Amino acid sequence: MLQELTHMDRITQLQDEIQQILVIMSNTITYLTTRTNFLQVSEAIPVTKQRKADKFDPPDVFQANQKELVTDLVTKAKQIEYLINSLPEPEPEETQALLARRLKVLEQEMTTANEEYAQAVSRAKDLHAQITDVLKTMLDHDDTDLLQAA
């Protein structure tokens, strides 16, 4: 059971790491699209829009931030890869089939035990009703009849 909890903890950590890398990717895309100036990449396509100087980073700052964002993404990807590699190998199909058969047998045994339990409860209720009837009859019986017979 403890080993299963450890595996579940790793899966939870993996989910958290994947969520974090998605946040990093989203923030990276946001940064790259909002803090850059428009550059002409082809002579056939002119730049028709410019940003104000305070709305984009200078080229050296922008390049340093790009490198930092790439480092963050690579680090997070390596952490995710480590967690994936630390997960247990899936059990062989033969083992899974044996477990499935064992679970089916246990389920059948549980069904049988539940039926036997229901029958025992029903029998106990019947016996209780019989005892109650006998006691009522005994208590309702007139004691004077017993005294006269003696």
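**Entry 1: Lys 76 and Glu 17**

I started with Lys 76, which forms a salt bridge with Glu 17; the closest N and O atoms are 2.8 Å apart. Lys 76 sits in helix α2 and Glu 17 in helix α1, so the pair ties together parts that are 59 residues apart in sequence. I looked up the accessibility of both partners and found Lys 76 buried, and Glu 17 buried as well. I note here that the model is predicted.

**Entry 2: the salt-bridge count**

How many salt bridges are there by this rule? I get a count of 2 salt bridges. Besides Lys 76 with Glu 17, I find one between the side chains of Arg 35 and Asp 57, at 2.9 Å from N to O. This pair links distant parts of the chain, 22 residues apart, with Arg 35 and Asp 57 both in the loop between α1 and α2.

**Entry 3: around Asp 57**

I stayed with Asp 57, in the loop between α1 (2-34) and α2 (59-86). Is Asp 57 buried or exposed? Asp 57 counts as buried because its relative accessibility is 13%, and buried means under 20%.

Which side chains make polar contacts with the side chain of Asp 57? I list two entries for this residue:
- The side chain of Tyr 31 makes a polar contact with the side chain of Asp 57 at 2.4 Å.
- The side chain of Arg 35 makes a polar contact with the side chain of Asp 57 at 2.9 Å.

**Entry 4: domains**

I then looked at how the chain is divided. Domain 1 covers 7-41 + 49-87, and domain 2 covers 113-149. The C-alpha centres of domain 1 and domain 2 are 79 Å apart.

For a residue pair I took Leu 73 and His 128, which are 55 residues apart along the chain. Their C-alpha atoms are separated by 73 Å. Leu 73 belongs to helix α2. Leu 73 has a relative accessible area of 23%, so I log this residue as partly exposed.

**Entry 5: residues 96-123**

What does UniProt list for residues 96-123? The unreviewed UniProt entry gives "coiled-coil region" for this span. In the model I find residues 96-123 to be 100% helix and 0% strand. The end C-alpha atoms of the span lie 40 Å apart.

**Entry 6: a nonpolar patch**

Last, I checked the surface for nonpolar side chains. Ile 131, Val 134, Leu 135 and Met 138 make a nonpolar surface patch of about 400 Å². Where does Val 134 lie? I place Val 134 in helix α3, residues 93-140. Val 134 counts as partly exposed because its relative accessibility is 47%, and exposed means over 50%.

Terms used:
Residues are numbered from 1 along each chain as its sequence is written. This is a predicted model: local features need pLDDT of at least 70, side-chain atom pairs count only at pLDDT 80 or more; totals for chains, interfaces and linings use all residues. Side-chain values use heavy atoms; hydrogens and water are left out. Domain bounds come from an automatic or database domain assignment. Patches are made of residues with over 30% relative accessible area and no salt bridge: like charges are joined within 9 Å, nonpolar side chains (Val, Leu, Ile, Met, Phe, Trp, Tyr) within 5 Å. Accessible areas come from the Shrake-Rupley method with a 1.4 Å probe; for residues, only the protein chains shown count as cover. A salt bridge is a side-chain nitrogen of Lys or Arg within 4 Å of a carboxyl oxygen of Asp or Glu. Helices (H or I, at least four residues) and strands (E, at least two) are DSSP runs, numbered from the N terminus. Buried means under 20% relative accessible area, exposed over 50%, partly exposed in between (1.4 Å probe, protein chains only). UniProt positions are given in the numbering used here, feature names are shortened, and annotations may be inferred rather than shown by experiment. A polar contact is a pair of N or O atoms within 3.5 Å; within protein, one must be able to donate a hydrogen and the other to accept it, and residues adjacent in sequence count only if both atoms are side-chain atoms.
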